[in-house]
Each structure stands twice: as C-alpha cells, then as structure tokens.
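Let's take a walk through this one together. Have the sequence and the model open side by side.

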Amino acid sequence: MRNTARWAATLGLTATAVCGPLTGSALATPDAAPASLYAPSALVLTVAHGDSATMTTPVRAVTLSCSPTPSGTHPDSASACAELRGVGGNFEALTARDGMLCTKQYDPVIVTVDGVWQGKRVSYERTFANECVKGSYTTSLFAF
C-alpha cells in the first residue's frame with residue numbers, strides 16, 4: 001500500500017509540474033505557437049528514511065523545473081538546476097565533495113528523482129548511509 005501511495009504522489013506532482021502550463025487558455029487555442037523552445041525539465045525529488053524506497057513513505061518531496069528558468073518548490077532551484085546541467089542530467093555522475101567527514105553510523109536515507117530532464121524520462125534512486133553522506137554529494141540538489 002505504501003508503494004502505491006508513493007507512486008500516486010510522485011505521478012501527481014510530476015503531472016502538475018509538466019502539464020500545469022497546459023491548463024486554461026493554452027488548451028483553448030490549438031493553433032497557438034509553442035510556449036517554449038526548450039525541452040521540458042520537470043522533476044519530483046523525494047527523501048525517505050529506510051532501506052528500500054518501495055517500503056518507505058517519503059518524508060519530504062519537492063518539484064524542480066529547469067527550463068526555461070529554474071522554478072518549483074525546491075528551496076534553491078537555481079543552484080540545483082546548475083548542478084544538474086553541470087553533469088548533463090546524469091545523476092550517477094554526482095560525486096561526494098572532498099574533505100567532507102561523516103560518521104559510519106548506518107541510518108539509511110533514500111533519495112528518488114522522477115520526471116523529465118530535457119525531454120527525456122528519468123528515474124533515479126539512491127540510498128545513502130546517513131544524512132551526512134547524502135549532504136556530501138551535492139551542495140543544493142538534495143538539500144531540501
């Protein structure tokens with residue numbers, strides 16, 4: 001049941017972020033020019049505590065849109081979008097900062113990202129050993 005609720009929330013937030021601009025007058029004028037020349041980049045990021053995203057309930061979720069300008073509920077959308085652009089949208093390329101010291105306490109934190117990056121569907125999940133290790137991987141993308 002938890003997995004169903006998680007996916008329903010993720011899909012709802014993704015649909016709102018991607019399709020929100022298509023409501024109202026945009027749908028009423030099919031001959032209108034496209035709203036943007038940029039490929040859509042709209043993501044839903046979640047954080048949960050536990051060993052498996054399918055068995056946990058997210059404790060926080062934010063939206064992040066990077067095209068044409070950074071926006072969403074992410075607290076620092078401009079920096080988060082800059083980090084993603086820096087790695088070409090490849091979440092696997094995000095690396096830990098040098099000089100960061102963390103304890104070896106195991107208190108797993110799961111980060112998921114679902115949505116669209118530059119017009120392509122993306123889905124990412126990573127389990128960090130603890131909150132400190134999660135914070136060492138980026139300066140702002142996972143800081144929400």
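Is Cys102 buried, partly exposed or exposed? Cys102 is partly exposed, with a relative accessible area of 29%; buried means under 20%, exposed over 50% and partly exposed in between, using a 1.4 Å probe and protein chains only. A quick note before going on: this is a predicted model, where local features need pLDDT of at least 70, side-chain atom pairs count only at pLDDT 80 or more, and totals for chains, interfaces and linings use all residues. Residues are numbered from 1 along each chain as its sequence is written, and side-chain values use heavy atoms, leaving out hydrogens and water.

Cys102 is bonded to Cys132, S to S 2.0 Å, in a disulfide (a pair of cysteine sulfur atoms within 2.5 Å).

Now for the rings. Tyr124 and Phe142 are stacked, with 6.5 Å centre to centre and 5° between the planes. Rings of Phe, Tyr and Trp (its six-membered ring) pair if their centres lie within 6.5 Å; planes under 30 degrees apart count as stacked, over 60 as edge-to-face and the rest as tilted.

Finally, look at Leu141: among the residues it touches are Leu45, Leu64 and Phe91, not counting residues up to four places away in sequence, where contact means heavy atoms within 4.5 Å.
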